[in-house]
Amino acid sequence: MFKRATFLLLVTVLMLAVVPLSMTVSAQNPDCEGDVTLTYWHHWGGNRIPLMEEQVAAFEDANPGICVDNIFLPWDNRLQNLLAAIAAGNPPDVTMFGRHDLPFFAATESIIPLDDYMAADGIDPAIFHPSEFAGTQFNGKTWLLPLPGGGAFAIAWYNTDHFAEAGIEEFPETWDEMLEVAETLRIGDGSFLERVGFNAQSVTGFPFLAWLNANGQTWISDDSRTITINNEAGIQTLEFMQAMAEINYGIEELNAFWEMAGEFDQGPLIQGLVSIESNGSWTLFQLEDHAETLSYDVAPIPYGPSGSADRRGGAHGGWGYMIPKNAAHPDEAWQLVKWLTTEIEGTGACWFIQQQQRPSPLVDCNGYEKDGVEHPRAQSILGVAALDYLVPVAPVQPEANQILNRMVDDVLFGDKSVEDALADAEAEVQELLDAFWEEYG
């Protein structure tokens, strides 16, 4: 059953989801001369494009004979495009890859294990924080190497001027407090939004899983075989997301407002269109480059009625770099993966993270230290990250995410009750999971 579902997905991918060439941004150094040109896909957009260009140029200088076609791809359809390229026998040599997507690709042998390369070059897993390296493993093998850090995903960044104007002195700790604060900060006429206090749907990653985690519930069993969302904590989580949408005049008005609010370096927090935004540690880099006059602070996201104050954000997956099956130059590709993830000196892995001032998976790299100086907000952000709790990844994660997102939509658009939506989604994901383990043991 699982093989058949995978085959149908792949056929659909090949027919519908290949990114047009016009949607990519490619940069190749015209001065580079080499016998091998690596194709490298990544998603480092906005003000990180020049950082990636500088890092790739440094790699070429350090590895004579290897050139890199440095291709920025948009986020949309990233997995579908990768599957299509692998199936067609023409994948990139190296690609940026989500650790939360690993189990399916590893189980289907769509990517190359890196253990032999690591052993040959003396790359010890101990150079990474254990929680970061753990996300690279499946079936006892290493399938990618991590960068950046996988934690600090759900930090609350908030406009302190908005708080002061509304007379709010403390950042909310609980969901009930968050609902009250969000309503106080929201500006509108009852049907048309002018400013959002908070959008629970905007939390980085997968909103339902993030809020369920902050409500003290893990969504899947430790052995990754049983889904655990259809319970009191799950009901409370969907009801919280539903209540927050209603505060913002309903999901249709909220979605329309959010679509026009912009993204990345012109996002709603920067434009003053939202008072509280849940986003990851990379937001610091965006704010410093594009919002010099913004008065802001950071806080952990609130916890739910079944949760606790010491479990807030969810460390879920994180990025890394891997070599797809059928890559044309796997040996040279490994050299690029190693540079992007383990190089401490020069313009390597540590430098790339320090330029963005965000956590590094490398033990010997302080991501908040730039040119010998630690960022003044480092301890505040790391204090929030210390409340992260690992959200496990299922081997059917991409399909599960689609089902869970549809579940939330069914509730917010009024198509299903909270109870029915949870029961249906749990049954659907469980069926996928059972089929996976039946196939792969």
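Tutor: Let us begin with R312, which counts as buried because its relative accessibility is 3%; buried means under 20% relative accessible area, exposed means over 50%, and partly exposed lies in between, with a 1.4 Å probe and protein chains only. Residues are numbered from 1 along each chain as its sequence is written, while side-chain values use heavy atoms, with hydrogens and water left out.

The partner of R312 is E173: their side chains meet in a salt bridge, with N and O 2.8 Å apart. E173 lies in the loop between α7 (160-165) and α8 (175-185), whereas R312 lies in the loop between β12 (296-300) and β13 (314-315), so the pair ties together parts that are 139 residues apart in sequence. Helices (H or I, at least four residues) and strands (E, at least two) are DSSP runs, numbered from the N terminus. Side chains of opposite charge can pair when their charged atoms come close. A salt bridge is a side-chain nitrogen of Lys or Arg within 4 Å of a carboxyl oxygen of Asp or Glu.

A search of the whole structure finds eight salt bridges. One of them joins the side chains of R99 and E132, at 2.7 Å from N to O. This pair also links distant parts of the chain, for R99 is in the loop between β4 and α4 (102-107) and E132 is in helix α6, 33 residues apart. R99 is buried because its relative accessibility is 3%, and E132 is buried because its relative accessible area is 10%. Another salt bridge is formed by D297 and R377, whose closest N and O atoms are 3.8 Å apart. Since D297 lies in strand β12 and R377 in the loop between β16 (373-374) and α16 (378-385), this pair ties together parts that are 80 residues apart in sequence. D297 is partly exposed because its relative accessibility is 28%, and R377 is partly exposed because its relative accessibility is 23%.

D93 is buried yet has no salt bridge, and the nearest side chain of opposite charge, that of K325, is 15 Å away. D93 is placed in the loop between α3 (78-87) and β4 (94-98). Its side chain reaches the backbone nitrogen of A328 at 3.2 Å, and a polar atom of that side chain lies 2.9 Å from the backbone nitrogen of H329. Beyond its neighbours within four places in sequence, D93 is in contact (heavy atoms within 4.5 Å) with several residues, including T37, M322, P324 and A333.

Covalent links complete the picture. There are two disulfides, a disulfide being a pair of cysteine sulfur atoms within 2.5 Å. C32 and C67 form one of them, with their sulfur atoms 2.1 Å apart. C32 is in the loop between β1 (25-28) and β2 (34-42) and C67 is in strand β3 (residues 65-72), 35 residues apart, which links distant parts of the chain. Both of these cysteines, C32 and C67, are buried. C350 and C365 form a disulfide with their sulfur atoms 2.1 Å apart. C350 lies in helix α15 (residues 349-356) and C365 in the loop between α15 and β15 (369-370), so the pair ties together parts that are 15 residues apart in sequence. The torsion about the S-S bond of C350 and C365 is about 90 degrees, and therefore this disulfide is right-handed. By contrast, the link of C32 and C67 is left-handed, with -100 degrees about the S-S bond.

A final remark concerns confidence. The mean pLDDT of the protein is 89, and 92% of its residues reach 70 or more. Over residues 1-22, however, the pLDDT is below 50, and this stretch has 31 contacts in the model beyond near neighbours in sequence. Where pLDDT is low, the predicted coordinates should not be read in detail.

Key:
Lys and Arg count as positive and Asp and Glu as negative; His and the chain ends are not counted. A polar contact is a pair of N or O atoms within 3.5 Å; within protein, one must be able to donate a hydrogen and the other to accept it, and residues adjacent in sequence count only if both atoms are side-chain atoms. pLDDT is the predictor's confidence in each residue, from 0 to 100.
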